[in-house]
Amino acid sequence: MTIKIYTAKKIITMNPSWPEGTAVAVRDGRILEVGSIESLKPWLSRDNYEIVDFGESVILPGLIDPHLHPIMAAVLLPMHFITALEWSLPWQSVPACPDPDSYWQKIKELEAGMPNGEPFFTWGYHASWHGEMNRHLLDKISDVRPMVVWHRSFHEVYLNSAMLTLLEITSEEVGIRPQINFERGHFYEVGLGYAIQRLNRFIMSEAWIHEGLGRLKEIVHLGGHTTVGDLAVGLFDYELERRLSTSVLDQSEVPFRVLGVPHAATASKFKGGHKEVVRHINELYGTDTSRIRHGKHIKVFTDGAFFSELAMLQEPGYLDGHHGEWLMTPEEFESVVREYWQAGFAIHVHCTGDLGLELAIDTLEKMQWEKPRFNHGYCIEHFGFSNPEQVARLSKLGAMISANVYYLFELSEQYATHSVGFERAYTMARLGSAVAHNVTVALHSDFPMAPATPLKNAWVACSRQNAAGSLAGVEESLSILDGLKAITIDAAIVLGMQDEIGSIRAGKKADFTVIDRDPIEEGENALRDAKVLATVFEGDLFALD
């Protein structure tokens with residue numbers, strides 16, 4: 001088989017013992033060696049080869065987002081985006097609607113342009129910018145068109161009266177179900193699951209999901225990804241999600257792979273218990289393809305959504321005195337973690353508040369006493385609010401962090417003045433301390449909770465600059481090298497795939513991301529400003545326009 005040589009001004013390998021090169025040799029989807037054309041001659045003299053030259057560009061390991069939601073994205077991407085900050089999507093630029101007047105004006109404008117009878121779906125509402133939301137306000141827009149406002153956090157929806165009627169949701173049927181306010185048309189956290197089951201007739205139709213996944217493919221490629229983790233398979237419908245994802249994403253033109261991590265609660269309901277989920281995931285071994293991957297990973301939850309201000313906080317709590325929400329009671333959380341810990345799973349724990357984090361750490365400590373494990377893969381997902389003592393405990397217990405640093409960018413200024421005060425708002429995503437304690441730190445987008453732009457997310461982690469232009473907790477900044485590690489090799493470690501991807505070295509899969517500048521030489525702003533020119537997935541080139 002012909003050897004393919006990719007050359008560039010510089011190859012940043014993320015391999016500390018062989019950190020740079022200018023050429024990398026690939027055969028049959030794997031790396032033979034990285035170095036220079038001269039140093040590769042022992043390979044080239046033994047086989048035919050061709051050279052693909054990227055000129056003055058820079059080659060990185062294929063970028064990795066260890067926490068992204070393909071099906072959630074597919075559900076939201078066909079909706080109208082109305083958001084506080086501007087969003088740039090491959091097919092449109094979404095203008096900012098940073099206040100109630102602009103938000104409601106946009107809803108009126110979009111609703112008026114729709115055909116009669118077609119339901120209206122929008123995503124991006126956030127009370128900190130857009131003010132009050134309830135079904136009666138939506139009824140003023142239209143009392144005949146079914147309408148859905150999906151919260152920026154994804155963890156909440158608001159339905160107008162016409163949609164409640166269409167879905168046959170009544171106050172009698174809702175009864176005393178938790179986390180539902182029928183009068184306001186508000187369904188959140190556990191109550192969201194109830195609403196989703198009714199809304200699935202729209203949002204989980206094959207046409208809707210195929211459109212959404214088609215858009216997702218563009219977004220993931222544009223961000224330079226070659227691997228993403230699907231962190232919550234089964235949120236809507238476990239088997240349907242797996243079937244639709246495979247039909248769209250397991251195709252030769254898709255330039256990335258997806259590692260599926262089931263949502264423990266919904267998978268358990270579908271499979272008939274956590275023991276059955278363990279059995280099912282173990283049975284998936286051997287069914288991997290190059291683009292659809294499985295592993296002994298599971299997703300569990302402590303507290304509520306960060307964007308919804310439902311994180312569970314230690315004292316002094318929120319400025320206005322409201323409280324967060326548990327997504328699982330502490331007793332239930334411990335029981336579920338024990339099931340998967342004993343089965344040898346890597347456990348990904350959704351944590352947003354420092355009280356939720358305390359529960360996750362206490363439970364990990366208890367598990368280590370009951371059954372000690374090394375390289376156990378217990379990973380804190382999101383890592384919003386924390387304190388320094390918790391970081392030290394995470395280090396001693398061998399836990400990892402996969403952080404959504406975009407919280408800092410979009411929310412730190414708003415939360416400083418309206419939610420938790422400056423100290424806690426500016427030290428969210430406490431990553432510098434984590435690295436100092438030798439905790440493995442990855443960065444994720446949680447897309448569509450944040451743009452799927454790993455280089456820009458790394459820039460936020462390094463610069464600590466928020467959307468208001470403030471520097472928020474610069475003591476917690478990452479170095480440029482650590483920022484790059486967090487979207488390459490350390491992200492691979494979080495997914496348990498470090499032996500295959502995350503760095504450029506002999507034997508690994510030939511996954512590369514080609515960018516137009518060198519952030520190590522030019523500084524942190526090059527992370528923000530870099531343009532992805534192409535990706536290489538298992539040796540095959542996928543150019544970007």
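A nonpolar core is a set of buried Ala, Val, Leu, Ile, Met, Phe, Trp, Tyr and Cys residues joined through side-chain atoms within 4.5 Å. Buried means under 20% relative accessible area, exposed over 50%, and partly exposed in between, with a 1.4 Å probe and protein chains only.

This is a predicted model, in which local features need pLDDT of at least 70 and side-chain atom pairs count only at pLDDT 80 or more, while totals for chains, interfaces and linings use all residues. Residues are numbered from 1 along each chain as its sequence is written, and side-chain values use heavy atoms, with hydrogens and water left out.

**Stop one: the cores**

Select Trp150, Leu159, Ile203, Tyr378, Leu431 and Leu455. In the largest nonpolar core, which has 140 residues, these touch the most other members. Apart from that core lies another, of 16 residues, including Tyr6, Val26, Ile59 and Ala510.

Next, keep Leu455 and show its contacts (heavy atoms within 4.5 Å). Leaving aside residues up to four places away in sequence, Leu455 touches Leu60, Leu63, Leu484, Ile487, Ile515, Leu527, Arg528, Ala530 and Val532.

Select residues 454-463, which form helix α19. Helices (H or I, at least four residues) and strands (E, at least two) are DSSP runs, numbered from the N terminus. Helix α19 is mostly covered, with nine of its ten residues buried. Pro454, Leu455, Asn457, Ala458, Trp459, Val460, Ala461, Cys462 and Ser463 are the buried ones.

Arg464 is not a glycine, yet its phi is positive, at about 60°. Its relative accessible area is 0%, so Arg464 is buried.

**Stop three: α9 against α10**

Select residues 206-222 for α9 and 238-249 for α10. Their axes come within 10 Å and cross at roughly 50°. Axes here are lines fitted to C-alpha atoms, for helices over the stretch in contact, and angles run from 0 to 180 degrees between N-to-C directions. The two helices are therefore oblique to each other; angles under 35 degrees count as roughly parallel, over 145 as roughly antiparallel, 65 to 115 as roughly perpendicular and the rest as oblique.

For the side chains, show Glu206, Ile209, His210, Leu213 and Lys217 in α9, which meet Arg243, Leu244, Ser245, Ser247, Val248 and Leu249 in α10. By class, this contact has five nonpolar, three polar and three charged residues. Ala, Val, Leu, Ile, Met, Phe, Trp, Tyr, Cys and Pro count as nonpolar, Asp, Glu, Lys and Arg as charged, and the others, Gly among them, as polar.

Stay on Leu249, in helix α10. Leu249 counts as buried because its relative accessibility is 2%. Not counting residues up to four places away in sequence, Leu249 touches Pro70, Leu213, Lys217, Val254, Phe256, Val258, Arg291 and Ile292.

**Stop four: loops and cis bonds**

Select Glu309, in the loop between β18 and α13. Glu309 has a positive phi of about 55° although it is not a glycine, and at 16% relative accessibility Glu309 counts as buried.

Then select Pro316, in the loop between β18 (297-301) and α13 (330-342). Glu315 and Pro316 are joined by a cis peptide bond with omega about 15°.

Finish at Pro448, in the loop between β22 (441-443) and α19. Here a cis peptide bond joins Phe447 and Pro448, and omega is about 15°.
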